[in-house]
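Me: I'm new to this one. Can you put the model up and walk me through a few spots?

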Amino acid sequence: MNLYSRKQRTKLILFLLATTIVGVSLWYSNRIVQKIRSEERQKVQLWSEAIQKRAKLVNYTQKLFDNLRMEERKKVNLWFSAVNYLIQAPINANLGFVDNIIADNHSIPIVVVDDQGQIVTYTNLDQSQPDSSALAAELSIMKRTHKPLQIDVGQGKQYLYYRDSKLFRELQQTMDDLINSFISETVISSASVPVLYMDSSLQRVIASGNIDSSTVSNRDALKQKIESMRSQNEPLVVRLNDKETNFIFYEDSFILTQLKFYPYYMLTAIGVFLIVSYLLFSTFRNAEQNQVWVGMAKETAHQLGTPLSSLMAWVDLLKLKGVAETDLLELQKDLSRLQVITDRFSKIGSKPELETQPIAQSVEHVVEYLRPRISKRTTIQVHNQIGPEGGLCKLNAPLFEWVIENLCKNAVDAMNGDGQIDIHIKDRADLILIDIRDTGKGIPKHLHKTVFEPGYTTKKRGWGLGLSLCKRIIEKYHGGSIFVKGSENQKGTTFRIALDKA
């Protein structure tokens with residue numbers, strides 16, 4: 001297993017492990033949230049049932065209260081009838097039962113006035129001997145409470161005003177306190193649950209709990225809050241009496257909402273931390289790799305320098321001994337090639353000098369060197385569409401030729417030394433394109449970017465650095481791009497290099 005394959009397997013294992021941890025964390029957190037939500041809703045349900053029972057009690061009390069009010073009105077009407085009968089009865093009539101009816105009223109306050117508005121008589125007022133101002137205040141309250149009953153007295157008329165009895169008013173106050181207590185308990189019992197107690201028109205907030213006051217006072221914000229609560233839970237209907245219906249809106253507590261989103265916040269924070277950490281360590285690792293790469297390249301150039309100088313001296317010595325120069329020609333070519341290779345390695349890590357020159361010359365130079373040194377069953381053809389002096393680019397010839405050489409050698413390996421390599425040089429707007437196509441076994445589409453990764457190789461003895469080096473030279477040193485233009489299984493692969501025109 002090569003370095004790249006081990007790295008890919010390690011990444012896959014780490015990804016699966018991270019996915020498992022995230023999945024288990026979200027599952028467990030969601031389970032806790034669902035459990036708390038279930039318990040919270042059970043409490044709300046019990047609370048709502050208690051509210052309904054209290055509402056029934058209030059309704060029953062209200063009905064009882066209405067019956068008492070009706071009985072008092074019957075007493076007033078009976079008292080009024082008795083007074084009328086007393087006024088209109090014959091002189092010798094037996095009025096004992098009428099007197100008993102009139103005398104039996106010990107609770108309902110009554111004030112009788114004449115047609116001039118002057119008080120004629122009164123009974124059962126809160127003060128046994130009220131002064132004129134107290135009588136006037138009492139009469140004013142009675143006029144606002146009930147319509148008067150008219151009494152015909154000879155040539156004139158009198159008007160009977162009355163109000164609810166003191167006992168009835170105390171019951172009324174008790175009833176109001178009961179309703180207010182019910183409303184307060186509704187809000188207090190909501191605990192941490194945000195709650196709105198609304199009237200039937202949904203325009204007036206009767207009470208609220210755990211909701212910001214600015215939301216309650218703002219009509220638009222209140223409307224949005226009601227819709228939000230309605231989307232979570234159906235409102236509770238509270239019927240205080242036959243005519244009055246109120247609504248209770250509620251939603252999940254703030255703690256539950258926080259807990260629901262907490263795992264996502266936590267995982268996001270951890271993810272950001274891991275990404276930042278990875279980028280930092282990756283930067284440091286790349287910097288370290290670059291230093292190792294540069295150090296290795298320069299050390300290689302240094303190590304090659306000594307035997308290369310010695311070989312050049314031996315060639316000169318052979319010339320002096322009369323060896324035919326034609327016999328030494330190929331040896332001199334290989335020595336020149338070694339010098340070029342040494343120069344290439346020495347330039348790794350330092351900013352290369354770029355010169356404007358025809359790109360076709362560099363390509364042809366590499367091809368001429370490779371033709372006699374590769375399999376005779378492999379042919380290399382250069383298709384120059386821009387002429388020998390065209391396609392000017394800023395190049396560092398030794399490094400650029402290294403890229404072409406690597407791509408051609410990889411193509412020969414992909415064809416097992418039997419096939420054809422076509423190099424097309426094209427002029428496109430502001431770019432010069434070099435397409436290198438072979439007739440080899442091809443590259444799967446999912447590996448088109450992977451082949452440029454350090455360590456990726458299909459060779460048993462390969463280091464997986466050739467295409468990575470090509471990418472570094474083209475993109476970092478020449479500001480161009482290199483990529484797999486296309487590939488078909490068992491039909492071949494095309495690599496494209498794009499460089500800016502000079």
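**A walk through the model**

Reply: Asp435 and Arg496 are both buried, meaning under 20% relative accessible area, where exposed is over 50% and partly exposed lies in between (1.4 Å probe, protein chains only).

Me: What should I know about the model and its numbering?
Reply: This is a predicted model, where local features need pLDDT of at least 70, side-chain atom pairs count only at pLDDT 80 or more, and totals for chains, interfaces and linings use all residues. Residues are numbered from 1 along each chain as its sequence is written, and side-chain values use heavy atoms, with hydrogens and water left out.

Me: Back to Asp435. What does Asp435 form with Arg496?
Reply: A salt bridge, with the closest N and O atoms 2.7 Å apart. The term means a side-chain nitrogen of Lys or Arg within 4 Å of a carboxyl oxygen of Asp or Glu.

Me: Which strands do Asp435 and Arg496 lie in?
Reply: Asp435 lies in strand S13 (residues 431-437) and Arg496 in strand S15 (residues 492-500), so the pair ties together parts that are 61 residues apart in sequence. Strands (E, at least two residues) and helices (H or I, at least four) are DSSP runs, numbered from the N terminus.

Me: Which residues do salt bridges that share partners join into one network?
Reply: Lys426, Asp435, Lys485 and Arg496.

Me: How many salt bridges does a search of the whole structure find?
Reply: Twelve. One of them pairs Lys225 with Glu251, and their closest N and O atoms are 2.6 Å apart.

Me: Where do Lys225 and Glu251 lie?
Reply: Lys225 is in helix H6, and Glu251 is in the loop between S8 and helix H7 (254-320). So this pair ties together parts that are 26 residues apart in sequence.

Me: Is Glu251 buried or exposed?
Reply: Buried, with a relative accessible area of 9%. Lys225 counts as partly exposed, at 22% relative accessibility.

Me: How many bridges join S5 to S6?
Reply: Four, and S5 and strand S6 (residues 205-209) run antiparallel. Met198 stands opposite Val205 in S6. S5 and S6 form a hairpin with six residues between them, and Leu202 in the turn has a positive phi of about 60 degrees.

Me: And the side chains on S5?
Reply: Val195 and Tyr197 point one way from strand S5 (residues 195-198), while Leu196 and Met198 point the other way. All are buried.

Me: Which residue in S8 is the bridge partner of Val195?
Reply: Tyr250. Four bridges join S5 to S8, and these strands run antiparallel.

Me: What about Phe249?
Reply: Phe249 is in strand S8 (residues 245-250). Phe249 is buried, with a relative accessible area of 1%.

Me: What is Phe249 in contact with?
Reply: Leaving aside neighbours within four places in sequence, its contacts (heavy atoms within 4.5 Å) include Val195, Leu196, Met198 and Leu202. Ile226, Met229 and Arg230 are also among them.

Note on methods:
Pairing = 2+ DSSP bridges.
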